Amino acid sequence: MGYLLLIDGGFGLDIYVYGDVETAYLKRRDKVLGAAIDMIGPIRRTVNPDLFSALVNSMVGQQISSKAQATIWQRMKDNLGEITPHAILACADAELQSCGITFKKAAYIRGVAEQVADGRLDIAGLHSKSDAEVCAELIRLDGIGAWTAEMLMLFSMQRPDILSFGDLAIVRGMRMLYRRKKITRELFEKYRRRYTPYGSVASLYLWAIAGGAIPEMRDCAISK
């Protein structure tokens with residue numbers, strides 16, 4: 001039976017688009033991952049084409065679980081309606097914090113909203129930049145690191161080759177898939193090169209594996 005992963009962050013029905021070209025390439029390049037792809041089947045993962053709200057959502061999700069992120073995001077939408085720079089700037093810090101956001105994270109989100117509102121950050125212009133340029137542009141902002149930029153590129157911009165070493169679930173999925181107790185940066189880069197130019201699709205399957213899509217796969221880093 002195929003495994004259908006549909007995670008809706010409240011973004012609507014936009015889905016990360018991939019198909020046989022990407023999966024066939026990954027299967028040729030990596031037989032172990034290829035077998036997992038066949039076992040899991042197609043994955044549908046929702047995306048948010050609105051760059052600003054997607055960026056805020058990624059910031060909300062820093063260092064918390066997906067479940068907590070979804071809860072906080074729903075509260076923000078309930079309180080603010082559409083997540084825009086104007087809506088964020090019109091909202092008091094206390095109101096943002098009441099959604100479950102820390103004081104520091106609320107300040108960071110407000111700072112990004114200010115830079116988008118006054119034009120210091122041309123968020124629409126990110127589409128014309130390379131992955132490395134997008135990352136460099138975003139990490140200059142307070143409260144945004146490589147992981148946040150990578151999640152924006154994958155789940156909003158739908159860039160095809162995003163694989164994040166900073167994502168604990170992706171690293172866990174690698175441990176489970178390849179039966180390793182540890183994924184070093186060197187080993188991670190080996191797999192990244194193998195997956196390129198379709199690292200984003202590999203990420204979808206690694207997340208699914210980490211989430212239990214193949215029950216017999218266990219995390220070797222966890223003591224029995």
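Me: Why are α10 and α12 called roughly perpendicular to each other?
Reply: Helix α10 (residues 168-178) and α12 pack at an angle of about 75°. Angles of 65 to 115 degrees count as roughly perpendicular, under 35 as roughly parallel, over 145 as roughly antiparallel, and the rest as oblique. So α10 and α12 are roughly perpendicular. The model is predicted: local features need pLDDT of at least 70, side-chain atom pairs count only at pLDDT 80 or more, and totals for chains, interfaces and linings use all residues. Residues are numbered from 1 along each chain as its sequence is written, and side-chain values use heavy atoms, with hydrogens and water left out.

Me: How far apart are the axes of α10 and α12?
Reply: Their axes are 7 Å apart. An axis is a line fitted to C-alpha atoms, for helices over the stretch in contact, and the angle runs from 0 to 180 degrees between N-to-C directions. The helices themselves are DSSP runs of H or I with at least four residues, strands being runs of E with at least two, numbered from the N terminus.

Me: Which residues of α10 and α12 meet?
Reply: From α10 come A169, I170, R172, G173, M174, M176 and L177. From α12 come S203, L206, W207, I209 and A210. Contact means heavy atoms within 4.5 Å.

Me: How do you know what to call the pair α9 and α12?
Reply: The axes of α9 and α12 cross at roughly 105° and come within 11 Å. That angle therefore makes α9 and α12 roughly perpendicular to each other. M151, L154 and F155 in α9 meet S200, S203, L204 and W207 in α12.

Me: Is F155 buried or exposed?
Reply: Buried means under 20% relative accessible area, exposed over 50%, and partly exposed in between, with a 1.4 Å probe and protein chains only. F155 has 12% relative accessibility, so F155 counts as buried. F155 lies in helix α9. Leaving aside neighbours within four places in sequence, F155 is in contact with R45, T46, V47, N48, L204 and W207.

Me: What makes I162 buried, although I162 lies in a loop?
Reply: I162 has a relative accessible area of 5%, so I162 is buried. The loop runs between α9 and α10. Not counting residues up to four places away in sequence, I162 touches D131, E150, M153, L154, G199, S200 and S203.

Me: What do Q158 and Q63 count as, by relative accessibility?
Reply: Q158 is at 29%, so Q158 counts as partly exposed. Q63 is at 85%, so Q63 counts as exposed. Q158 is in the loop between α9 and α10, and Q63 is in the loop between α3 and α4.

Me: What is phi of Q63 and of Q158?
Reply: Phi is near 60° for Q63 and near 55° for Q158. Both values are positive, in residues other than glycine. Most residues other than glycine have a negative phi, and most peptide bonds are trans.

Me: Is the peptide bond from T196 to P197 cis or trans?
Reply: That bond is cis, with omega near 15°. P197 sits in the loop between α11 (185-195) and α12.

Me: How do you know where V134, C135 and L138 lie around the axis of α8?
Reply: These three residues of helix α8 (residues 131-139) are buried. They cover an arc of only 95°, so they are on the same side of α8. The arc is that of the directions from the helix axis to the C-beta atoms. The buried residues of α8 pack against α3 (51-60) and α9 (146-155). C135, one of them, is at 17% relative accessibility and so counts as buried.

Me: What makes a set of residues a nonpolar core?
Reply: The members are buried Ala, Val, Leu, Ile, Met, Phe, Trp, Tyr and Cys residues, joined through side-chain atoms within 4.5 Å. The largest such core has 72 residues, and M76, L138 and Y195 touch the most other members. Helix α12 (residues 199-210) gives the most to this core, with eight residues.

Me: How many disulfides does the structure hold?
Reply: The structure holds zero disulfides. C91 is in none, and the nearest cysteine sulfur, that of C99, is 6.6 Å away. C91 has a relative accessible area of 4%, so C91 is buried.

Definitions and conventions
A disulfide is a pair of cysteine sulfur atoms within 2.5 Å.
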